[in-house]
Amino acid sequence: VKFPTEDPGSLGVAQAMGLYPREVGFYRDIAPLLPELHVPRCYHGELDDSGMFTLVLEDLSEVTRPGDVLVESSIEDCHAGLGELVALQAPLWNAPKLREVPYLADRDHTAGIFDQAALGLKPFVERFGDKLQSEHVELFEQYLPKAGDWVRSWSPPTVVQHGDFRPDNILFGTAPGTAAATVVDFQTVRSGPPGVDLAYFIGSSLSIE
């Protein structure tokens with residue numbers, strides 16, 4: 001059962017970004033249009049006027065293992081994960097449906113979230129600065145303020161983006177008959193160009209080598 005966080009700060013962020021309606025909406029509106037995508041069965045999804053939600057999802061804990069973004073992924077896991085990315089993106093490639101669903105079509109909302117990216121740089125550097133190289137910090141300083149403009153420059157082809165497609169949001173099958181990979185956590189689902197999820201997944205899964 002998935003329900004809102006009890007942490008006031010995290011809850012405020014989730015409500016401001018519209019994360020909960022997006023996830024309920026994905027299981028209701030989008031998942032049925034993606035027959036090859038492996039996601040947990042959604043037995044119940046409810047959203048109230050305040051944006052609070054409840055999802056009752058299939059329990060896969062005994063037949064899968066969660067991915068771990070802090071450990072380099074195997075080639076087999078990457079293959080399974082990217083297979084699901086194809087199943088997410090291909091069926092609605094440039095589809096009119098992407099312009100009809102408000103939480104997918106609202107590019108201004110997505111750009112507004114990316115506009116805030118630079119605000120997180122100072123606390124991030126304060127926390128992790130001793131583990132960062134100076135040229136990386138300079139790269140952040142140069143490009144993070146332009147994140148919103150980057151979103152506004154997006155052009156077709158347009159697909160469904162997961163928005164947080166990394167190993168932590170994938171359950172890898174461990175039992176016979178279980179899908180090799182099952183995708184979870186659709187709170188950042190949106191529309192945009194296909195390469196964004198791909199780059200995010202590869203960058204968080206594999207070493208440079």
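Student: What volume does the largest pocket have?

Tutor: Rolling a probe the size of a water molecule over the atoms shows where empty space is left. On a 1 Å grid over the protein atoms alone, a pocket is an open set of points with protein on both sides within 12 Å along at least five of seven lines, where a 1.4 Å probe fits. Its volume is the space filled by probe spheres set on the points, joined across faces, edges and corners. Here the largest pocket has about 840 Å³. The model is predicted: local features need pLDDT of at least 70, side-chain atom pairs count only at pLDDT 80 or more, and totals for chains, interfaces and linings use all residues. Residues are numbered from 1 along each chain as its sequence is written, and side-chain values use heavy atoms, without hydrogens and water.

Student: Which residues lie nearest its centre?

Tutor: Lining residues have an atom within 4 Å of a point. There are 26, with M17, I113, F114, A117 and G163 nearest the centre of the largest pocket.

Student: Which residues line the second largest pocket?

Tutor: K131, L132, Q133, H136 and I208. The volume of the second largest pocket is about 250 Å³.

Student: At what angle do α1 and α2 pack?

Tutor: Helices are DSSP runs (H or I, at least four residues), numbered from the N terminus. Axes are lines fitted to C-alpha atoms over the stretch in contact, and angles run from 0 to 180 degrees between N-to-C directions. α1 (residues 8–17) and α2 (residues 19–30) pack at about 60°, axes 5 Å apart.

Student: Which residues of α1 and α2 meet?

Tutor: Contact means heavy atoms within 4.5 Å. L11, A14 and M17 of α1 meet L19, Y20 and R22 of α2.

Notes: Helix = DSSP H or I, 4+ residues; strand = E, 2+ residues; numbered from the N terminus.
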